[in-house]
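Hi there,

I'm handing this structure over to you, as promised. Please have a look at it first, and then read on for what turned up.

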Amino acid sequence: MVRLEQRPSPSAFWTYATPILAVLATMVAGGVLFALLGTNPVAVIRTIFWDPLFGEFAFYYRGQLLVKAGPLILIAIGLSMGFRAGIWNIGAEGQYIMGAICGAGAGLAFYPSESFLIFPVMIIAGALGGWAWSMIPAILKTRFGTNEILVSLMLVYVAENILASVSSGLLRNPEGQGFPGSRNLRNWDAAANTEIITGSGMHWGVVAAFIAVILAYITLSRHMLGFQIRLTGESPRAARFASVNPTALILICMGLSGALAGLAGLFEVAGPAGQISIDFNSGYGFTAIIVAFLGRLNPIGILLAGLLLALTYIGGEAAQSNLGLPSAAIQLFQGMLLFFLLAMDVFANFRLRFGRVGVS
Amino acid sequence: MKLTKLLATAAMTLGLATGAFADGHEKTKVGFVYVGPIGDGGWTFEHNEGRLAVEEAFGDKVETIYQENVPEGADAERVMTQMALGGADLIFTTSFGYMDPTINVAAKFPNVKFEHATGYKRADNVSTYSARFYEGRAVQGHIAGKMTKTNVIGYIASFPIPEVIRGINAAYIHAQKVNPDVEFKIIWAYTWFDPAKEADAAKALIEQGADVILQHTDSTAPQAAAEQAGGVVTFGQASDMAEYAPFPRVSSIIDNWAPYYVARTQAVMDGTWESVDTWDGIPTGMVKIGEITDAVPAEVKAEALGMVEAMRTGAYHPFTGPLKKQDGSDWLAEGEVADDGTLAGMAFYVEGLTGEIPQ
């Protein structure tokens with residue numbers, strides 16, 4: 001007879017051990033899956049987890065790891081602040097899109113100027129775009145008590161339609177022969193979010209992500225705002241007694257996550273993506289929610305989780321093209337990772353007891 | 001800054017050189033980047049058939065690799081780089097949205113040949129290729145105009161790019177020619193492949209009275225929706241979609257990439273590969289019309305086959321004047337044929353179509 005006994009407080013040991021256990025369990029279960037598909041499971045696991053870091057072409061993949069993880073971390077950091085306080089911004093994808101549109105639009109307005117001020121202006125516009133988009137659900141919540149989960153999520157689809165509209169209208173490349181898509185910002189030095197060290201993958205968005213991690217860490221552990229966020233999440237009543245202003249907190253948390261998502265969008269559109277196009281967004285805003293929880297809403301955890309998820313994406317791609325695995329198998333594998341992480345959580349909050357239930 | 005960039009590019013090229021030539025070029029490695037899953041039954045399915053044809057034609061002399069579901073954007077660039085680093089000699093990038101990524105990656109790997117489908121940017125090592133799908137659309141339009149009873153034809157469009165607009169125009173011109181009362185209702189799905197969205201679009205069009213559905217998206221979901229609704233005619237898109245024949249699918253446009261892929265792979269093997277812009281249609285077999293089923297009246301079928309034959313011999317061009325633009329201005333005079341430049345960048349509707357092209 002096995003039963004679960006709730007721990008008085010989550011176990012510190014298991015909080016750190018479960019992510020590692022989950023990764024190992026995923027490797028085993030994924031290995032079985034890959035074996036059933038007729039590939040060598042060891043080769044697949046090595047291609048996903050080892051080759052991008054230490055394989056023949058690691059010089060390229062390591063940089064790509066940062067490129068892929070950068071926006072995920074940046075968005076997840078913003079989201080985690082709100083999530084900790086019980087404010088659920090699910091619409092980071094929309095804020096990411098609006099940040100990219102506003103940032104790229106602000107830059108393109110000055111085309112073809114070569115002023116060094118253009119990139120900073122774009123960064124500010126990008127952050128403002130994401131912030132403004134997140135203010136809609138925030139103000140609706142504080143003024144009319146609407147549900148921010150629904151409103152922010154629905155605004156993603158609005159943003160996607162705005163994206164489609166500006167790609168084939170307002171921001172369309174006048175030299176693009178009528179095809180949708182803006183000018184390529186990477187081909188315009190003043191607006192390009194270039195790699196700081198070529199080949200390293202380290203562009204300004206990655207730098208911003210690292211700075212965000214550090215600032216978030218300090219805020220949560222040392223600053224009054226961090227205290228208020230944690231208190232509101234853990235005990236809303238106590239927070240009220242501690243004179244936390246819930247309206248201000250909602251506006252701050254939503255605004256912060258929106259601005260960071262907008263920044264991520266701007267850095268992406270000016271860098272790796274290069275242009276506003278109808279299909280510009282590829283789900284970073286949603287994946288970042290997973291990253292935030294994978295990292296247990298802790299800045300350092302998010303940093304590691306973002307890198308881990310980026311690794312499964314990049315390694316997964318390599319496994320597809322090198323070993324001929326279907327993309328569905330890779331998605332299944334990534335799904336397993338999340339499943340095991342959540343499942344293993346049980347060990348952090350509960351103690352396993354063997355044997356009969358004792359008489360008490 | 002400039003120097004580090006130069007050095008890095010050199011290092012990258014060096015990395016490529018060792019990658020591509022390490023195996024002594026025993027096998028020619030051909031990569032394919034797909035926008036949808038190979039099981040989509042449409043666009044990507046046919047590109048993958050082309051890949052299989054390459055394998056069959058060259059056997060041991062060739063190795064093919066592919067990746068499906070690659071988003072159009074930053075991820076595509078990484079996938080292509082991955083293939084080039086892995087020693088690919090020739091890479092086919094099979095969706096419009098891969099245009100800039102293809103050009104960017106090609107610049108870093110001057111020794112690798114790239115082939116981009118449906119785009120307009122070329123380089124010394126980047127060719128473009130596309131098919132004159134509008135020839136097939138003309139045939140569909142003819143059959144659709146004859147088959148509709150409600151005079152409402154639904155059109156599931158993907159993105160407002162010239163290729164799609166050309167298809168709408170070609171279909172409308174020929175539907176309207178045989179049925180002056182015909183009306184087109186167009187839904188922009190903003191996707192190439194999304195079964196749920198496509199099914200929704202088909203249902204919405206059927207509710208608005210459409211009894212013929214044309215699609216420029218790649219899944220079979222609209223076919224299923226039409227079958228469920230009953231009495232609605234559809235056409236296979238990109239692939240034959242024969243599992244829905246003889247009804248609702250009464251015919252189809254089939255993209256036949258196999259001969260092109262085999263020829264281009266051969267050119268790389270022979271060292272004769274050059275950057276070209278290919279735009280072929282029914283005459284070379286790049287566009288095929290799938291079997292017209294018995295659900296279509298015999299005389300309509302005969303007319304349709306006559307059109308196909310006339311296009312094959314070059315006797316007929318689907319865009320032959322007199323034609324006017326939607327705003328009533330003249331486009332083509334009596335007997336005048338549209339030039340390829342205008343067709344390639346087509347961003348206007350012909351007279352009679354309602355609504356606006358999304359801006």
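**Where the two chains meet**

Let me begin with the interface: the contact draws 36 residues from chain B and 32 residues from chain A. Please keep in mind that this is a predicted model.

On the side of chain B that touches chain A, the elements giving two or more residues are helix H1 (2–21), strand S2 (62–67) and helix H3 (74–85). H3(B) gives the most to this side, with 8 residues. Sorted by class, the chain B side that touches chain A has 18 nonpolar, 12 polar and 6 charged residues.

**Two domains in chain A**

Now to chain A by itself. Where they touch, domain 1 of chain A contributes 9 residues and domain 2 of chain A contributes 7 residues.

Which helix gives the most to the domain 1 side of that contact? That is helix H13 (residues 327–349) of chain A, with 7 residues. The side of domain 1 of chain A that touches domain 2 of chain A has 6 nonpolar and 3 polar residues, with no charged ones.

**A helix pair worth a look**

Helix H7 (residues 204–222) and helix H12 (residues 299–323), both of chain A, pack with their axes 8 Å apart and at an angle of about 150°. Because angles over 145 degrees count as roughly antiparallel, H7(A) is roughly antiparallel to H12(A).

From H7(A), the residues A:Val213, A:Ala216, A:Tyr217 and A:Leu220 meet A:Pro299, A:Ile300, A:Ile302 and A:Leu303 of H12(A). By class, this contact of H7(A) with H12(A) has 8 nonpolar residues, no polar and no charged.

**The nonpolar core**

Finally, the largest nonpolar core has 206 residues, and A:Ile73 and A:Ile75 are those with the most contacts inside it. Helix H3 (residues 58–84) of chain A gives the most to this core, with 15 residues.

What does A:Ile75 touch, once its neighbours within four places in sequence are left aside? A:Ile75 is in contact with A:Ala92 and A:Tyr96, with A:Leu260, A:Ala261 and A:Ala264, and also with A:Tyr284, A:Gly285 and A:Ala288.

Best wishes

How values were computed:
Residues are numbered from 1 along each chain as its sequence is written. Chains are lettered from A and ligands numbered from 1 in the order in which they are written. This is a predicted model: local features need pLDDT of at least 70, side-chain atom pairs count only at pLDDT 80 or more; totals for chains, interfaces and linings use all residues. A nonpolar core is a set of buried Ala, Val, Leu, Ile, Met, Phe, Trp, Tyr and Cys residues joined through C-beta atoms within 7 Å. A residue is buried if 20 or more other C-beta atoms lie within 10 Å of its own, exposed if 12 or fewer, and partly exposed in between; C-beta atoms are placed from the backbone. Helices (H or I, at least four residues) and strands (E, at least two) are DSSP runs, numbered from the N terminus. Axes are lines fitted to C-alpha atoms, for helices over the stretch in contact, and angles run from 0 to 180 degrees between N-to-C directions. Angles under 35 degrees count as roughly parallel, over 145 as roughly antiparallel, 65 to 115 as roughly perpendicular and the rest as oblique. Ala, Val, Leu, Ile, Met, Phe, Trp, Tyr, Cys and Pro count as nonpolar, Asp, Glu, Lys and Arg as charged, and the others, Gly among them, as polar.
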